[in-house]
Amino acid sequence: MAIKKPRIIVVGGGLGGLWATMRIAEAGNKVDLFSLFPVKRSHSACAQGGINACMDTKGQHDSIWQHTVDTIKGGAYLGHQPPIKSMCEDAPGLMRTYDRMGVTWSRTPEGVMDLRLFGGVKNKRTCFAGATTGQQLLYACDEQVRAHEARGLVEKFEWWEFLSIVKDASGRCRGIVAMDLRSMETRVFRADAVVLATGGLGLVFGKSTNSTNSTGAAASRVYQQGAKFVNGEFIQFHPTGMPGDDKNRLMSEAARGEGGRFWVPRKKGDPRPPETIPEEDRWHFLEEWYPAYGNTVPRDVAARAIYKVVYEQGMGLENDLVYLDLSHKDPDFLRRRLGGILEIYEKFAGGDPTKIPMKIYPAVHYSMGGLWVDWELDTATGAMKQPSPRNHQCSIPGLFACGECDGAYHGANRLGANSLLSASYSGRVCGESVAAYIKGLADSCEDVPEGPFSDEKKRQDDLNRQLLANRDGENPFLLHKQMGDLMREKVGIVRTNKGLDEALEGLKEIKERARNISLDDSGSWSNQPLAHARGVQDMIVLAEVIAKSARMRDECRGSHWKPEFVLDIPEGKFPGDPEFEEYRAKWKRNNEEWLKTTVAEHQPDGPRISYEPVDTSVLPADQPRDYR
Amino acid sequence: MSDVIRLKVKRQERPGSSPYWEEYEVPYRPQHNVISLLMALRENPVNAKGERVAPVTYEANCVEEVCGACTMIVNGEVRQACSALVDTLEQPIVLEPMSKFPLVRDLLVDRQSMLDALRKVRAWVDIDGSYDIHEQSPRISPQDWEKHYDFSRCMSCGCCMEVCPQFNSKSSFIGPAPIGQAWRFSDHPTGRYFKAERMRALMGDGGITDCGNAQNCVRACPKDIKLTDAIAKVGRDTTIQMLKDLFGR
């Protein structure tokens, strides 16, 4: 009694959205794909270094189990483990599929996919396509979806902005309201299931490594309509960003994986050009502090080490920078393996990284948290059951989420090259889940009365009308900048409760001012300030979730760091030593209190925070993270 | 060093309305690029006459020259605006929208025709489905990889189309970028199974024979993709395909 001709909407055309679209279309269903811009320009293109999968082709006895363990521990045990286990198990199959799609994977001399080393692991496990892996994977999916478009299974709505979902009387998601970014008209689209694949939220911090469209606004909109948002406090700071006024461009982690070394001069303010400073006058702080992993410790560890060198010890260059040095490597090797990213550095920062050390600085990069999504346990295997209509379904029935906008897989810190994996994998799982969900639907979205649709459209039209009518108010671009500055300063790499209280106060004031935004453009054609103003209002709501979740979590875990609650591994002590075992006991006691998922729910006066237990059935939290 | 950056933008409110030039002076900041300059202007949208105006409409996303969105004409040269560093540009910096695509507003144009062309030349590898068949595609030599990777970095930015004398609203020529993609997929070990279809799509009106061999495309490509190599190979292969079709194989 499945419904005839189901209608399915996917919002977002990065890797997650395109994978979901493929799997839904391959099940024979028609997909309407919405995107702010042609999907080929999505932020997935910016991922550089690679994608993790245990291919075990380097004679290192790599295993899927080790990938699972690295991901769980890298995330400080905060991710639900059965879905992580499934992701790592399915990763090699995903790589083979990408290979069949024609992805230009970098090759070994005998023509098979090559692998490189990334952070937080000891084995080569990262598949890559030069230094533009995300671009290559995105294009492969874009091509496959174009093929489905040619077959009549996909219709694209590019230059459309998602504004809200529409729920029926029972609270089930039955469609969306979207805005044509050219005519600025809003329109209702009915759907039997809606997938959000709207990416990250770096723009909440003003400057980040993210693309200018990664605002998190879409996730914020469904959050304000009742969807739960988890682990908002876990924001990844990428250790190797390039300083910049407009954005922090990324220097890929592949630069570390391929042998890049961090250092600062041993002598503070050493005036010599870096290339003339001899080895003995260079302080390789990561190699000294973490001899086992050296320069390839996980991102949170590297970012905090740089913070320590720069802010606590005052040893930074030009106040807050450190060197990332590749100049000891063969230039031809570097061009071949890292060409794309070296070009970005040369173009934007200036200087040839094959000759001179690069200057870098940690930058806001990735949100581990995101929309709450469900998953079903396969009791026979201890992994995630597939397919199941529960997988990747949000707390609002009929609404699904995948890619960076969901909060699954990465716990408190994401490992490098696991994001292209989770984006692809979650999109695939989500698409299969939607196909299973609509099979069980008793009635079609066409049967829902008009009321909820026209009500929601009117609400959106009123919001637009008010913004267009306001005069002499706040400039949305300036207000956004001020919010970003506040978030980077008070909700950054190292946090204090005092600073977080100030952030919440500041956000309250910014939220008040955002009610009074006015636009310098009152036009009805391609009005970018209008779209941005709406985004700013929604970004503020997410900023509150992030700051409040951080304020409530009194511990250090992964990317969330509050020095007043730090539990340090005793120096020079290892498992078996009484001091280490005492530390382990304290660490376990702390887990009893804090190894739990932060859940934010929208209330008119701000987010309400509660907690849910984490499924640790695959790898119990017995071994603290230790990268020494 | 002057304390302002002078900027001149060709503006147009909507398709069909008349274009006009507007000048601005933006406070100097080191390391500005053209996109960060337009971003700064939005925060205080005032023209050189001191009038408050609607901010300039433009398209940008990655701001690191990998998405292709912010392509426009900067001081007469088509390129990505994000990697056009202000300190290297002559002033006033003159910005114009690309001229070969329908204008939406100000610097924003609609490059849909490029994406439609990818569909026309079947720019994908045909697969049974996006699931694991427990097999990879055949091996690819590092030498072939290098040739394919060159073309797989094409971001459909449109620079090659903008400078191509044969690609314009009066001709049906498909343009250099889609021809490059048709070659790349036809050289792939399984993509070549549908090479004949791709070559046929590039025969006749608007196809490969409309290329005037000006070689502007290869010079304008921001990623140095060897477009003319692909055009030459496709020229040869379409001829072979035509003869095969003519003689019934």
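The model is predicted, so local features need pLDDT of at least 70 and side-chain atom pairs count only at pLDDT 80 or more, while totals for chains, interfaces and linings use all residues. Residues are numbered from 1 along each chain as its sequence is written, and chains are lettered from A and ligands numbered from 1 in the order in which they are written.

**Exercise 1. Find out how compact chain A is, given its radius of gyration and the globule rule.**

Step 1: Let's begin with the secondary structure, where chain A has 15 helices and 22 strands. Helices (H or I, at least four residues) and strands (E, at least two) are DSSP runs, numbered from the N terminus.

Step 2: The radius of gyration of chain A is 24 Å, close to the 25 Å from the globule rule for 628 residues, so chain A is as compact as a globular protein of that length. The radius is taken over C-alpha atoms, and the rule is 2.2 Å times the number of residues to the power 0.38.

Step 3: Turn to burial: 59% of the 628 residues in chain A are buried. Buried means 20 or more other C-beta atoms within 10 Å of a residue's own, exposed means 12 or fewer, and partly exposed lies in between, with C-beta atoms placed from the backbone.

**Exercise 2. Describe the largest nonpolar core and the contacts of V194(A).**

Step 1: The largest nonpolar core holds 261 residues, and V194(A) and L371(A) are among those with the most contacts inside it. Such a core is a set of buried Ala, Val, Leu, Ile, Met, Phe, Trp, Tyr and Cys residues joined through C-beta atoms within 7 Å.

Step 2: Helix α14 (residues 528-552) of chain A contributes the most to this core, 13 residues.

Step 3: Beyond neighbours within four places in sequence, V194(A) is in contact with residues including I9(A), C173(A) and F400(A). Contact requires C-beta atoms, placed from the backbone, within 7 Å.

How values were computed:
Two residues are in contact if their C-beta atoms, placed from the backbone, lie within 7 Å.
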